[in-house]
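Student: I would like a close look at one part of this protein chain. Please take me through it step by step.

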Amino acid sequence: MSYKKTLFNPKNEKARKVMKIVGPICMVIGFGLIIFSFMTFFNNPQGIIIPFILGGVSLMIGTYCINLGFRKNIRSYTASQDAPIIKDTVDYIANESALSNLVGSSNICPKCGEHNEEDAKFCDKCGTKLVNVCPNCGTENKADAKFCSNCGKEL
Ligand SMILES: [Zn+2]
Ligand SMILES: [Zn+2]
């Protein structure tokens, strides 16, 4: 019992090393037995049951050993894989909301707060000029722009 406990303790380095070897061997034996049982199916349909069951059990043991033996590796692998994806997603959401904030507030009338069409030049409600024409190059900038989008001159 104590031997079993040691062997199947996933925190035990030695046990994991054993499982890393035993696991794949069991998988190979299991696959082999199942393939063998299918190959002999036409000659001896009754004869496939025992190798098939043995193969299935072997595969399960192999999967279990690989799972325990490689758990630490799998976990660190998935962690390193997950982190950039989560970061990308967070960045994407942050960018999206920043973008929608920008779009949403881009044509709010500075005088009355009315939401106007994105390309509107004057407020629908009070007629306030919504574009900031650059004195240097004549480019129409957003009303709240501080610098010209074309030449960079302070507005
Ligand atoms: Zn207005
Ligand atoms: Zn300009």
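Is Lys121 buried, exposed or partly exposed, and why? Please also show me what surrounds that part, and how the rest of the chain is laid out.

Tutor: Start with a caution. This is a predicted model. Now to your residue. Lys121 is partly exposed, because 13 other C-beta atoms lie within 10 Å. The cut-offs explain the label: a residue needs 20 or more such neighbours to be buried, and 12 or fewer to be exposed, so 13 falls in between.

Where is Lys121? Look in the loop between α4 and β1. Next, find what Lys121 touches. Leave out residues up to four places away in sequence, and Lys121 touches Leu130 and Val131. Now look further along the chain. Ala143 is 22 residues from Lys121 in sequence, and their C-alpha atoms are separated by 9.0 Å.

Move to Ala120. Ala120 also lies in the loop between α4 and β1. Ala120 counts as partly exposed because it has 14 C-beta neighbours inside 10 Å. Again set aside residues up to four places away in sequence. Ala120 then touches Asn107 and Leu130. Leu130 is a contact of Lys121 as well. Val131 gives another distance to check. Ala120 and Val131 are 11 residues apart in sequence, and 8.2 Å lies between their C-alpha atoms.

Now go on to Lys125. This residue is found in the loop between α4, residues 71-106, and β1, residues 131-133. Lys125 is partly exposed, because 13 other C-beta atoms lie within 10 Å. Its contacts, leaving aside neighbours within four places in sequence, are Cys109, Cys112 and Glu114. Gly113 is 12 residues from Lys125 along the chain, with 9.2 Å between the two C-alpha atoms.

Now place it in the whole chain. The secondary structure comes to 4 helices and 2 strands. From the N terminus on, the order is α-α-α-α-β-β. Of the 155 residues in the protein chain, buried ones make up 14%. What about contacts across the sequence? Take those between residues at least 6 apart: 28% of them join residues at least 24 apart.

For buried residues, turn to α2. This helix has 27 residues. From first C-alpha to last, α2 reaches 39 Å, close to the 39 Å expected at 1.5 Å a residue. Its buried residues are Arg16, Met19, Gly23, Cys26, Gly30, Leu33 and Ser37. Check the spacing of those numbers. An α-helix has 3.6 residues a turn, so residues three or four places apart point the same way.

What covers the buried residues of α2? The cover includes α3. Helix α2 spans residues 13-39 and helix α3 spans residues 49-69. The two pack at an angle of about 155°, with their axes 7 Å apart. That angle makes α2 roughly antiparallel to α3, because angles over 145 degrees count as roughly antiparallel. The crossing of α2 past α3 is left-handed. The residues of this contact divide into 18 nonpolar, 8 polar and 2 charged.

Technical notes:
Residues numbered from 1 in each chain as written. Chains lettered and ligands numbered in written order. Predicted model: local features only at pLDDT ≥ 70, side-chain atom pairs only at ≥ 80, totals over all residues. Axes fitted to C-alpha atoms, helices over the stretch in contact; angles between N-to-C directions. Parallel < 35°, antiparallel > 145°, perpendicular 65-115°, else oblique. Left-handed = near helix turned anticlockwise from the far one by under 90°. Nonpolar A, V, L, I, M, F, W, Y, C, P; charged D, E, K, R; others polar. Contact = placed C-beta atoms within 7 Å. Expected span 1.5 Å × (residues − 1).
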